[in-house]
Amino acid sequence: MSVAVIQAMAPLKFNKWGLPEVDPTTMSSSEPGVFCGGDIAGVANTTVESVNDGKQASWHLHKYLQVCGLQIKIGCHM
């Protein structure tokens, strides 16, 4: 990943491969409310798994928004 892309994604934490650190269950990143899926998550070995990672990220993002609602502006941490 290029330095410009990494700088644009700050303040996310990155692993040794230059990809965002991602919880493989929830696909959440090091920043509350930021989720990764697909190739950027870096946890899939196949295209099908990558698509499923995107699905998992969207599901957990949906749950996050339901729990946090308008509290996101003040920093909701699940």
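User: Where does Met-27 lie?

Analyst: Met-27 lies in the loop between helix 1 and helix 2. Helices here are DSSP runs (H or I, at least four residues; strands are E, at least two), numbered from the N terminus. This is a predicted model, in which local features need pLDDT of at least 70, side-chain atom pairs count only at pLDDT 80 or more, and totals for chains, interfaces and linings use all residues. Residues are numbered from 1 along each chain as its sequence is written, and side-chain values use heavy atoms, with hydrogens and water left out.

User: Why is Met-27 called buried?

Analyst: Buried means under 20% relative accessible area (exposed is over 50%, partly exposed in between; 1.4 Å probe, protein chains only). Met-27 has 0%, so the residue is buried.

User: Which residues does Met-27 touch, not counting those up to four places away in sequence?

Analyst: Contact means heavy atoms within 4.5 Å. Among the residues touched by Met-27 are Val-22, Cys-36, Ala-41, Asp-53 and Ala-57.

User: What makes up the largest nonpolar core?

Analyst: Val-22, Met-27, Cys-36, Ala-41 and Ala-57, 5 residues in all. Such a core is a set of buried Ala, Val, Leu, Ile, Met, Phe, Trp, Tyr and Cys residues joined through side-chain atoms within 4.5 Å.

User: Why does Lys-13 count as exposed?

Analyst: Its relative accessibility is 51%, so Lys-13 passes the exposed cut-off. Lys-13 also sits in the loop between helix 1 (3-8) and helix 2. Its contacts beyond four places in sequence are Leu-19, Pro-20, Glu-21 and Ser-30.

User: Which residues of helix 2 are buried?

Analyst: Ser-50, Asp-53, Ala-57, His-60, Tyr-64 and Cys-68.

User: What makes the buried residues of helix 2 line one face?

Analyst: Seen down the axis, they fall within an arc of 85 degrees, so they line one face. The arc is that of the directions from the helix axis to the C-beta atoms. An α-helix has 3.6 residues a turn, so residues three or four places apart point the same way. The face turned away from the buried side carries exposed Val-48, Val-51, Lys-55 and Gln-66.
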